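Reader: I have a model to go through with you. Let's keep it quick.

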Amino acid sequence: AIKANAVKAANSKEAYFDYDLHGANPLYEIQGNRGRRIYVYEHKCVIKVDVTLGSIITHNATDGEKTIYYKDVIGVQLKKDGLLIGYLQLETASEKGNNKSDNFFDENTFTFDKYEDVYPAYKYIISRLDEIKRI
């Protein structure tokens, strides 16, 4: 449900998002790179992407947000940053139809520069997936 003051403050896309249309405050909110930000909630993640100079240079200019529910996740990849940027990818069956050959540009991928910022959120996501997938 939208908080009452969210409707009043929703003159911009960012104001709408900041007032939490996703139902609760995120447990983790991490600024990545290439215009990406991830919001980790109890039952889902939201990857928000803004167009940046880097995304234009790499021909991956896009903006918007993607919500990925943990119940739909079939795999998780975490690559530490090093010579290249790191990434956290939440694989879903529908994402496989995307046919992106490069994990860095996949719509279910959050790219980052600091592994230590992402690792606690990754551990949380894995623990939630273990709970949800346990039969």
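Reader: Which residue forms a salt bridge with K48?
Author: D50 does, with the closest N and O atoms 3.2 Å apart. A salt bridge here is a side-chain nitrogen of Lys or Arg within 4 Å of a carboxyl oxygen of Asp or Glu. This is a predicted model: local features need pLDDT of at least 70, side-chain atom pairs count only at pLDDT 80 or more, and totals for chains, interfaces and linings use all residues. Residues are numbered from 1 along each chain as its sequence is written, and side-chain values use heavy atoms, leaving out hydrogens and water.

Reader: K48, buried or exposed?
Author: K48 counts as buried, at 10% relative accessibility. Buried means under 20% relative accessible area, exposed over 50%, partly exposed in between (1.4 Å probe, protein chains only). D50 is partly exposed at 35%.

Reader: How many salt bridges does the structure hold?
Author: Four. One of them joins E107 and K66, with the closest N and O atoms 2.7 Å apart. E107 sits in the loop between β6 and β7 and K66 in strand β4 (residues 64–69), so the pair ties together parts that are 41 residues apart in sequence. Strands are DSSP runs of E, at least two residues; helices are runs of H or I, at least four; both are numbered from the N terminus. E107 counts as partly exposed, at 38% relative accessibility.

Reader: And which residue does E29 meet in a salt bridge?
Author: R37, at 3.0 Å, N to O. E29 is partly exposed at 45%. R37 is also partly exposed, at 24%.

Reader: What stands opposite R37?
Author: Q31. Strands β1 (residues 28–31) and β2 (residues 36–40) run antiparallel, joined by four bridges. Two strands pair if DSSP finds at least two bridges between them.

Reader: How many residues lie between the strands in that hairpin?
Author: Four residues lie between β1 and β2, and R34 takes a positive phi near 55 degrees in this hairpin.

Reader: New topic. Which strands form the open sheet?
Author: Three of them, in the order β5-β6-β7, with antiparallel pairing. β5 (73–79) and β7 stand at the edges with a single partner strand each, so one side of each has no neighbour in the sheet. Neighbouring strands are turned by 10 degrees against each other on average, direction ignored. Axes are lines fitted to C-alpha atoms, for helices over the stretch in contact, and angles run from 0 to 180 degrees between N-to-C directions.

Reader: What packs on the sheet?
Author: Helix α4 does, touching β5, β6 and β7. Contact means heavy atoms within 4.5 Å. The direction of α4 makes about 160 degrees with that of β5.

Reader: How many bridges pair β5 and β6?
Author: Six, in the antiparallel sense. V76 stands opposite L90, and G75 has E91 as its bridge partner. A hairpin of six residues joins the two strands, β5 and β6.

Reader: Now the core. Which residues touch the most other members?
Author: I38, V40, C45, Y70, F110 and I125, out of 19 residues in the largest nonpolar core. Such a core is a set of buried Ala, Val, Leu, Ile, Met, Phe, Trp, Tyr and Cys residues joined through side-chain atoms within 4.5 Å. The largest share, six residues, comes from α4.

Reader: What does Y70 touch?
Author: Among others, V40, C45, Y124, I125 and L129, not counting residues up to four places away in sequence.
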